[in-house]
Amino acid sequence: HPWSLWIWTTDLPNAGTDADISFQVYGEKGKSDEIRLDNKSDNFEQGQVDRFMVELPDLGKLTKLRIWQEKGSPFAGWHLSKATLMKTLTKEKYTFPCERWLDINEDDKEVVRELPACGELIAEPLPVLKYRLTVCTGNVGGSGTDASIFINLIGDQGDTGERQLINCKNNVNKFEKGNMDEFIVEAVTIGLIRRLRIGHNGKGSGCGWFLDKVIVREEGKAEAKALEFLCNRWLDRNEDDGQITRELVPFLDGQRLYNIRYQISVKTGDIPGGSSDSNVFVKLYGDKGDTGKLLLVVSTNNLGNYFETGRIDIFTVETFDIGQINRLLIGHTNKGMRAGWFLDSVQIMVPVHGNNYMFPSHRWLSKDEADGKTEVEIYPSEILDIEQLMNYEITVVTGDVMFAGTNARVFIQIYGEKGKTEIITLQNKSNNFERNTTEIFKFEAKDVGKIFKIRIGHDGSGIGSGWFLEAVDVKHLIMALVPKEKKKEDKKKKKKKKKDEEDEEENGGEEMEEVVLTYHFPCSRWLSSGEEDGELVVELLPEDAEEDLEVNTYEVCVFTGDMMGAGTDTNVYINIYGENGDTGERPLSNSDNLNKFERGQEDVFIVAAIDLGTLKKLRIRHDNTQPYSAWYLDRVEIVDTKEDITYYFPCNRWLAVDEDDGQIARELVPVDEAFMKQDEEGAGATLGLEQKSMSTTYTIKIKTGEKKYAGTDANVFAILFGEKDDTGLINLKACKNYKNKFEQGMINEFIVEAVDLGDLEKLRIGHDNSGGSSGWFLDWVEVDAPSQGQRLRFPCGRWLDEGEDDGAIVRDLYPADLQTEIYTP
């Protein structure tokens, strides 16, 4: 809608300014974008009235105007008398009185003012309040910063906009270690404060900052009514998650769960001169609000210089839920030797919503190219469905005993009534798991429902990898009934519908709200090869668990066949599955024999796990890393020591890339003891048929691209994920049709057998980056499961190469058509 804007500069000496002026308007239906009024024609001179034509969205009745001068320099000071806005078509008119300086040397030394709307349409202007902020810098080493800090308070009735925290009321040197710095933010009332965004510009050496908390209260109100926004985190490119901006909510528990992650992938065009060294910003708009302008300064794929020709840079933004995204603004600051930029496309993944937004652009953002614009609004061409995940917050407490810390890679897996998460590596940019530390990690994973156990451990890497784990907390949000606060009746509100009143009565005055659910897992034990039982992995039950589960001990007896070359020197792993989940993949390392897996030998291992109930299957594999890796496995017998039951898992097959079907992993199902004792000829064949009938054979076809240098010498692996389970890591060693695998333009075939995966939902494929030429361009993967009537194509069309595309060497692929195709041989 077109509006006329008049700005009155007062007649005081030096009242005029040569700075650019920007403003933003708020109304009952939301807010406008920030609008800059370029000062190119002697605007804003002393005693002058300037008129501008501006376009504003439908904001309903206007409530306030924020206006500021961009320069912030000693001679940019400006004395504003008032501003007036009038809607061209309806003559709807609002006045915004000011009569104050916007000057770093005058008044309160601020360069931004918030002005409440006045006029015939406004019965009573909103009050202007002073918010006193106490910003507490942490007490850890190097916690202070000299970077420029900004804050935005966000409430029920709008926000304050980003305010630079310059004029400290109590300290000359701001944001030093242990400081409590006080600032005043003057703004038209924003109602009840719901959250705040705080960050810095990332400039200067040692700009990283450890923020303890921010305390906010209205000036003149009791300290008891102050709101505390806990942070206790780094805002540092080289610590924690690398972010330099954080959104905080006034909750004591589960702070990180209330924001959701937006993964923004920005592709620079593959054309000459398309790269940019300017600062790029983005603003996302959703049906519940917008993110504000966010500088993309911390990449998650760490490819060095950002926005290089033909490259994809990935950035993570954590903010409140803005709902379904309908558009985005992207641009750059036009600073730098080569500021001009050719933007090919933007992709935004929102795992908590299960959405992937595609924004094509394919245009210049450059003063010297095309239409000369350096920013543009773009709209999604399509919204793809991806696997919907939920937020989890994991708190890990390392014990206070000598050498308790570890530098090994720590992982966790969560089991619930709806299934299990994938294995999650707990890591960030900080030095984790030191003695007597408490660390918090946030990640997205499958909603497993009510949690009944976790498995946590490490890979034993690094010097002194032993770890004393004290406890683990797992948190996530659930919808629950909470007592409703009694509020004064608002006469302007519509009367409640009868059904709403009935529902409220039925719930006894309670209402549904998001609350934090916490599971506490005590541990207090070593995960070390040289301590206690020597295990690096432990399974834990939640404290006060309702289920009658307990830790069980499984005696795993592995019988190597009695034939030439049957033994192996490589590493062997097992995963045992039962009614109550599985053990996860465990290394079979501590045998009762010094030399394991020799010809004709029985090796006995102990696996401790939460009781699995009746055993259903096992997966056993080796990693093929030794010169003599081929292994003939006769059978596995597992003794459930709690129930005193023995399960028999016959195999009678090679696990070898150059024997049998070339597989180095097998899934085995239990058979009756009587079956094991059959001596008559043909029992082996009968066994093979019985096991075959219980498993699904998948043919995996992998097409390497036609591009130059598309092939790879690296070791390639895959994992098939089904609705019920996954295959675990499949090393793609034994190709059916070519000895030299993954060459340019080649289609390689592999056979995989697995038990009871259900319908396939996802495929993960990658390589280990080994070999002289490891980069790989993968065209597509096709998976056939004739017995299930499934043939699925998983398109890729991307590099798996640290120096190309987005630098990833592992990709998750999804079926192009989620409808199962009927397979006809």
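# A guided tour of the predicted model

UniProt, in an unreviewed entry, places the feature "domain: PLAT" at residues 1–116, 129–249, 260–379, 390–541, 552–669 and 696–814. UniProt positions follow the numbering used here, feature names are shortened, and annotations may be inferred rather than shown by experiment. Residues are numbered from 1 along each chain as its sequence is written. The model is predicted, local features need pLDDT of at least 70, side-chain atom pairs count only at pLDDT 80 or more, and totals for chains, interfaces and linings use all residues, while side-chain values use heavy atoms, with hydrogens and water left out.

**First stop: two stretches of chain**

Select residues 552–669, where the chain is 0% helix and 53% strand and the end C-alpha atoms are 20 Å apart. Helices (H or I, at least four residues) and strands (E, at least two) are DSSP runs, numbered from the N terminus. Then select residues 696–814, which are 0% helix and 50% strand, with the end C-alpha atoms 20 Å apart.

**Second stop: a sheet**

Next, display the open sheet of four strands in the order β42-β38-β44-β45, with antiparallel pairing. Two strands pair if DSSP finds at least two bridges between them. β42 (602–610) and β45 (645–655) stand at the edges with a single partner strand each, so one side of each has no neighbour in the sheet. From one strand to the next, the twist averages 20°, an angle between N-to-C directions on a scale from 0 to 180 degrees, with axes fitted to C-alpha atoms. Now select β44 (residues 631–640), which pairs with β45 in the antiparallel sense over nine bridges. Trp-631 stands opposite Leu-655 in β45.

The structure holds one cavity of 30 Å³ or more. A cavity is a set of points, on a 1 Å grid over the protein atoms alone, where a 1.4 Å probe fits but cannot get out; lining residues have an atom within 4 Å of a point. The largest cavity has a volume of about 150 Å³. To find it, select Gln-663, Ala-665, Ile-730, Val-752 and Glu-753, the closest to its centre of the 14 lining residues. β46 (665–668), β49 (730–731) and β50 (747–754) each give two or more residues to this lining.

**Last stop: two loops**

Select Phe-307, in the loop between β22 (294–295) and β23 (312–319). Its phi is near 60°, a positive value in a residue other than glycine. Phe-307 is buried (under 20% relative accessible area, with a 1.4 Å probe and protein chains only), at 3%. Finally, select Asn-436, in the loop between β32 (424–425) and β33 (438–445). Asn-436 also has a positive phi, near 60°.

How values were computed. On a 1 Å grid over the protein atoms alone, a cavity is a set of points where a 1.4 Å probe fits but cannot get out, and a pocket is an open set with protein on both sides within 12 Å along at least five of seven lines; lining residues have an atom within 4 Å of a point. Grid points are joined across faces, edges and corners, and a volume is the space filled by probe spheres set on the points. Buried means under 20% relative accessible area, exposed over 50%, partly exposed in between (1.4 Å probe, protein chains only).
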